[in-house]
Amino acid sequence: VTMHSVACNPHPALSSPPRALQPQTMSGCDIAIAGGGLSGGLIALALKGARPKLKLALVDAGVTLGGNHRWSWFASDLPPGGEELLAAFPQAEWNDGYEVRFPAYRRKLATPYRSLASADFHAVLRNALSPHEIRLHTRVAALDARGLTLEDGERIDARAVIDCRGFRPTPHLAGGWQVFLGGHIRTQEPHGLERPIIMDATVEQVGGYRFVYCLPLGPNEVFVEDTYYADTPTLDRDTLAERLITYCKRRGWIGEVLAEETGVLPVVTGGDFAAWRASQKAEGVALAGVRGGFWNPLTSYTLPHAVEIALLVAKNADLPGEAMASLLSDKAREHWRATRFYRMLARMLFGAAEPRQRYRVLERFYRLPRPTVERLYAGRSTVADRRRILCGKPPVPVTRAITALLGQGRPLEAAA
């Protein structure tokens, strides 16, 4: 396998300097969405489905909606109405479940699994929205309760504004990072993989908890991703690519890389959520996606939460901007409270185990009943689930576990 570089930044620089234009005003719209990634795109799609006559503006600095990503989820993750919303997109489906692999054992779980490529995400949204409702290669310079001001001075007025741009490093939240590099590979010979491997932790443990993620997309196509739960957001592309090549060669997967993606996602262990929200919000502007705090703090999963917020916004599409901002703010505080248990588990993962031994935490977790595993990923763990996860001899030193539980973790700031 030869890894090669492709555009993988969801918000790349403009290909040419912005034109020197005098400020102007675009005809008004009902709802303006800053950020055309997963959350922004799903909100636009849900709004169009519920209220086709609404006028939208979906603005993103990238060359395509959704950037360069692959989103995956378990069928059990979605809230009511989620399956219907995502039915608009072509999806890879594995209805006979998936595997996990650890040094001590392998296990197959029967939960159906799904995956969506950003190219399909972009194509569906381009068909669902009218051309004048999508603005690509367009940076937002400022936003307020009444609209967006673009980098070239143009103004888009709106009844409501939703900020769905990405996560920025912050000293207000603590934790670690999920760092990954993935490649979509066309193999010379059939790869022989029957179902997804969500975690292959039999690989060398370096740089934190490391595992490889594999999706069979066809007899001769496979998506392979090298992932790390790391203490810093440093992504050494060359090193990760070399390790991924080594993994593929050992599996006999030799061929052509069709696409590549990289990512750095926050894993949150604690922090001052109110201060973080206050540091980035504009009065009267609703915050959604990772900008609004809607993700699983342990797994960094965003899709189920993006679906839930998209459906919530569509249900309340007629709200004035300030009321929409208040609705999502209340929802964000509720989400922060509801995910306290997962932040505690993240503290255990990062603080209680040495980096090379972190895999033991997941190795123990995946021995639990399948419904417990499903509910953790969906963010709906019951009291009984939590007892099952915490009971028994911990796979980490008790003293380190207690220290981790009492702490918050490192600030989620950019690497020096």
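Strands and helices are taken as DSSP runs, with at least two residues (E) for a strand and at least four (H or I) for a helix, numbered from the N terminus.

## Model and confidence

The structure is a predicted model. Its chain has a mean pLDDT of 89, and 89% of the residues reach 70 or more. Over residues 1–26, however, the pLDDT is below 50, and this stretch has 63 contacts in the model beyond near neighbours in sequence.

## Non-glycine residues with positive phi

Most residues other than glycine have a negative phi.

His 137 is found in the loop between strand 8 (134–135) and strand 9 (140–144). Phi of His 137 is near 55°, although the residue is not a glycine. With a relative accessible area of 42%, His 137 is partly exposed, since that class lies between the limits of 20% and 50%.

Ser 300 belongs to the loop between strand 17 (286–287) and helix 6 (303–315). The phi of this serine is positive, at about 65°. The relative accessibility of Ser 300 is 4%, so the residue counts as buried.

Strand 3 covers residues 70–74, and because five of its five residues are buried, the strand is largely enclosed by the rest of the structure. Both of its faces are covered: one side carries Arg 70, Ser 72 and Phe 74, the other Trp 71 and Trp 73, and all of these are buried.

The pairing of strand 3 with strand 7 (residues 113–117) is antiparallel and runs over five bridges. Within strand 7, Arg 114 is the bridge partner of Trp 73.

## Strand 5 and its two partners

Strand 5 comprises residues 98–101. Tyr 98 and Val 100 point one way from the strand, while Glu 99 and Arg 101 point the other way; all are buried.

Strand 5 pairs with strand 6 (residues 106–109) in the antiparallel sense over four bridges. The two strands are joined by a hairpin through four residues. Across this pairing, Glu 99 has Lys 108 of strand 6 as its bridge partner.

Strand 5 also pairs with strand 13 (residues 197–200), here in the parallel sense and over three bridges. In that pairing, Met 199 of strand 13 stands opposite Val 100.

Definitions and conventions. Residues numbered from 1 in each chain as written. Predicted model: local features only at pLDDT ≥ 70, side-chain atom pairs only at ≥ 80, totals over all residues. Heavy atoms only, no water. Buried < 20%, exposed > 50% of the residue type's maximum accessible area, 1.4 Å probe, protein only. Pairing = 2+ DSSP bridges. pLDDT = per-residue confidence, 0-100. Contact = heavy atoms within 4.5 Å.
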